[in-house]
Amino acid sequence: MYDNKNSLGTRLAEERKRLGLSQQELAEACDSTRESIGKYERDVNVPGGEILMSLARLGMDTQYVLTGVHSMNLYQVAEEAPKYRPEPTKKQVDQEVLLGVLMGVKEYLNETGRELSPAKETELVMLLLDLMSPESVHDKSAVREAVEKVILFKYKRR
């Protein structure tokens, strides 16, 4: 078993060396003996839960020691996350953009005394989201003008 490069013992020794510790130093930090650490590294014995907890506290990647798969820290997760995010679709809208359009619609309706059913208000908001650029929703006059045009064209009084 000792010559297996993919063994638990080999990975334990690799992690110990990465931390810059001798077998004796690791043993002392884990409240164990150098002989026990040597047996773990030669795959004669397997470390138990208490030893694994001590190894983790020292900064050892115990997931790697046990499985051969490195764990990720929070910084690595943050770096990897964008790779797994789906591409935005047309209907996925930035919250700030949606809020700008909603507020523009509400302000226009309040100022003009117009009333629309909730279904027509939703339809109006969706139309405006398709028509307006994300930058233009921050310009109140542009939002108001777009709302007015869409309402006059789509929902004119009959």
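## Two aspartates in loops

At 74% relative accessibility, D31 counts as exposed; that word stands for over 50% relative accessible area, with buried for under 20% and partly exposed for what lies in between (1.4 Å probe, protein chains only). You'll find D31 in the loop between α2 and α3. Its phi is near 55 degrees, a positive value in a residue other than glycine. As background, most residues other than glycine have a negative phi.

D43 is another non-glycine with a positive phi, about 65 degrees. The loop that holds D43 runs between α3 and α4. Is D43 buried or exposed? D43 counts as buried, at 14% relative accessibility.

## What kind of model this is

This is a predicted model, in which local features need pLDDT of at least 70 and side-chain atom pairs count only at pLDDT 80 or more, while totals for chains, interfaces and linings use all residues. Residues are numbered from 1 along each chain as its sequence is written, and side-chain values use heavy atoms, with hydrogens and water left out.

## The overall layout

The chain has nine helices and zero strands. Helices here are DSSP runs of H or I with at least four residues, strands are runs of E with at least two, and the numbering starts at the N terminus. Read from the N terminus on, the order of elements is simply α-α-α-α-α-α-α-α-α.

Of the chain's 158 residues, 32% count as buried. Take the contacts (heavy atoms within 4.5 Å) with a separation of 6 or more: 63% of them are accounted for by residues 24 or more positions apart.

## I37 in α3

I37 lies in helix α3, and this residue is buried, with a relative accessible area of 0%. Which residues does I37 touch, not counting those up to four places away in sequence? They are Q23, L26 and A27. I37 and P47 are 10 residues apart in sequence, and their C-alpha atoms are 8.4 Å apart in space.

## The two sides of α4

Helix α4 takes in residues 49-57, and I51, L52, S54 and L55 are its buried residues. They sit on the same side of α4 because they cover an arc of only 160 degrees around the axis, the arc being that of the directions from the helix axis to the C-beta atoms. E50 and R57, on the other side of α4, are exposed.

What do the buried residues of α4 pack against? Their partners are α1 (8-18), α2 (23-29), α3 (34-41) and α5 (62-67). After α4 comes G59, with a positive phi near 100 degrees.

## Where α7 meets α9

Two packed helices are described by the angle between their axes and the distance between the axes. Helix α7 (residues 95-112) packs with helix α9 (residues 140-154) at an angle of about 65 degrees, and their axes are 9 Å apart. The axes are lines fitted to C-alpha atoms, for helices over the stretch in contact, and the angles run from 0 to 180 degrees between N-to-C directions. α7 and α9 are therefore roughly perpendicular to each other: that label covers 65 to 115 degrees, with under 35 roughly parallel, over 145 roughly antiparallel and the rest oblique.

From α7, the contact involves G100, G104, V105, E107, Y108, L109, E111 and T112, and they meet K140, V143, R144, V147, E148 and I151 in α9. The residues of this contact of α7 with α9 divide into six nonpolar, three polar and five charged. Ala, Val, Leu, Ile, Met, Phe, Trp, Tyr, Cys and Pro count as nonpolar, Asp, Glu, Lys and Arg as charged, and the others, Gly among them, as polar.

## Where α7 meets α8

The axes of α7 and α8 cross at roughly 130 degrees and come within 10 Å. α7 and α8 are therefore oblique to each other, and their crossing is right-handed. In this pair, V97, L98, V101, L102, V105, K106 and L109 of α7 meet E121, L124, V125, L128 and L129 of α8. By type, the residues of the contact of α7 with α8 are 10 nonpolar, no polar and two charged.

One to click on is E121, in helix α8 (residues 118-131). E121 is buried, at 18% relative accessible area. Leaving aside neighbours within four places in sequence, E121 is in contact with V105, K106, L109 and L116.

How values were computed. A crossing is left-handed if the near helix is turned anticlockwise from the far one by less than a right angle, and right-handed if clockwise.
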